[in-house]
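Here is a short briefing to read alongside the model. Have the viewer open and follow the residues as they come up.

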2 protein chains.
Amino acid sequence: MEKYRIGVIRVLTTQDPQILHAHGDLLERYFPQFQIETRCIPDQPYGIYDEVTFQVALPKIIKLALEWAPYLDGLIVSCAGDPGVDELRKLLAIPVVGAGTATAAYSLTLGERVGIIGIEENSPAKYDRILGSRSVGYIRPEGVRNTLDLLTEEGREAVLHACRRLRGQGAEAIALACTGMSTAGIVPFLQKEVAIPVADPVIAEGIMMLGQCVHKRAN
Amino acid sequence: MEKYRIGVIRVLTTQDPQILHAHGDLLERYFPQFQIETRCIPDQPYGIYDEVTFQVALPKIIKLALEWAPYLDGLIVSCAGDPGVDELRKLLAIPVVGAGTATAAYSLTLGERVGIIGIEENSPAKYDRILGSRSVGYIRPEGVRNTLDLLTEEGREAVLHACRRLRGQGAEAIALACTGMSTAGIVPFLQKEVAIPVADPVIAEGIMMLGQCVHKRAN
């Protein structure tokens, strides 16, 4: 089987290969169809965490993508805020997938009503846009401000508590709104503890990219 | 790689193994992760094509699924009307995916506004429910009443004409609302002729099932 060459853009600057390739490693493990290469944008060691850092990152993402695209079958912007995704879809001839749109769209197949959990103050705009009236609400778990907090006992309990609250409000599925939650391994923990399906951003971006690659090859 | 055992329910009764396995053959070709088995419901040689045949099929689909589920990792109801999918999701412990919800949700990742093309009088309820205000409308192509019409020159031109009309109305992507369009091979033809992505129901049900299988194994 010839593999699809997929580029993954990380929106946090790192020299540590293990951190850099964390999403790519998951994607290759789950989807043997993919050969993943990862690059990150420069000078944002804390990534994107508010509107200012989003706007600063945008031209860097566009520049990196334009230079890289000729060597790729598809490009993933591995961030739940989908920075640059709408712009790149218009600029590039290859499929472009953002974690945010992918996760929100995937969660619609898991249940009638969906709860959103993230680490920023508000839910990413794409989640609200796609889920509309099918969203039961957004929660930032108590005391969780970054992905490191997800590795502590308190952080994991806080996310679990948020899941249970959203389920109590009628959620039949949970959409995670931060790719850091994928690498923190929180999904297996949540799925064991709450009886509703949880949409993982890295798995969601993977299936949506695979769909577009398969469609292209069906040509 | 251990494969996922996926059952595919066809809602049209046939003894012809090539017709019966048509969707399964596509799924196995696109997704080597799957080992597909296909069964059809009894006594509906013309499948589901209106509200009466939908209601008649419903208890047959539920019965077949309940008997079969213990031997499966996941179940696909391969029909854009999603007959029995909501009911089965509540009854079964394995993932259940319907072509309709899958295709509509997938199409949201392809463009801001989506046009729907099917062969029944109205668009399936699930498409309208998921696309909401992002739908630009539904078209039943002129003269196309069943999937055999899709194999003629006139039928294919009619579908192409519908695509162009929906694009003219602002559609950035097309969601097909009939799995027969997948087996008729209309997607490669459309994608060559119109410059917007087309969501194929069999590919869409495949990626959404793969997502749920991967999530389960991540446990």
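The notes below go from the contact between the chains, to a pair of helices inside one chain, to a single residue.

This is a predicted model. Chain A and chain B bury about 3,200 Å² between them, and helix α10 of chain A packs against helix α10 of chain B. Within chain A, helix α7 packs with helix α9, and A:T179 is a buried loop residue.

**Between the chains**

- The contact draws on 36 residues from chain A and 35 residues from chain B.
- Of the roughly 3,200 Å² buried between chain A and chain B, 59% lies on carbon and sulfur atoms.
- On the chain A side, A:T109, A:R129 and A:H215 lose the most area to chain B, and together they account for 19% of what that side buries.

**Helix α10 against helix α10**

- Residues 201-217 form α10 in chain A and also in chain B, and the two helices pack at an angle of about 150° with their axes 9 Å apart.
- Because angles over 145 degrees count as roughly antiparallel, α10(A) is roughly antiparallel to α10(B).
- The crossing of α10(A) past α10(B) is right-handed.
- From α10(A), the residues A:I203, A:I207, A:M208, A:L210, A:G211, A:V214 and A:H215 take part, meeting B:I203, B:I207, B:M208, B:L210, B:G211, B:V214 and B:H215 in α10(B).
- Sorted by class, this helix contact holds 10 nonpolar, 4 polar and no charged residues.

**Helix α7 against helix α9 in chain A**

- Helix α7 (residues 153-168) and helix α9 (residues 186-193) of chain A pack with their axes 10 Å apart, at an angle of about 50°.
- That angle makes α7(A) oblique to α9(A).
- Here too you can look for the handedness: α7(A) passes α9(A) in a right-handed crossing.
- On the α7(A) side are A:R156, A:E157, A:V159, A:L160, A:C163 and A:R164, which meet A:I186, A:F189, A:L190 and A:E193 in α9(A).
- The residues of this contact divide into 6 nonpolar, no polar and 4 charged.

**A buried threonine in a loop**

- Setting aside neighbours within four places in sequence, A:T179 is in contact with A:H23, A:S78, A:C79, A:A80, A:A99, A:P201, A:V202 and A:E205.

How values were computed: Residues are numbered from 1 along each chain as its sequence is written. Chains are lettered from A and ligands numbered from 1 in the order in which they are written. This is a predicted model: local features need pLDDT of at least 70, side-chain atom pairs count only at pLDDT 80 or more; totals for chains, interfaces and linings use all residues. Side-chain values use heavy atoms; hydrogens and water are left out. Helices (H or I, at least four residues) and strands (E, at least two) are DSSP runs, numbered from the N terminus. Buried means under 20% relative accessible area, exposed over 50%, partly exposed in between (1.4 Å probe, protein chains only). Contact means heavy atoms within 4.5 Å. Axes are lines fitted to C-alpha atoms, for helices over the stretch in contact, and angles run from 0 to 180 degrees between N-to-C directions. Angles under 35 degrees count as roughly parallel, over 145 as roughly antiparallel, 65 to 115 as roughly perpendicular and the rest as oblique. A crossing is left-handed if the near helix is turned anticlockwise from the far one by less than a right angle, and right-handed if clockwise. Ala, Val, Leu, Ile, Met, Phe, Trp, Tyr, Cys and Pro count as nonpolar, Asp, Glu, Lys and Arg as charged, and the others, Gly among them, as polar. Buried area is the accessible area (1.4 Å probe) that two parts lose on being put together, summed over both.
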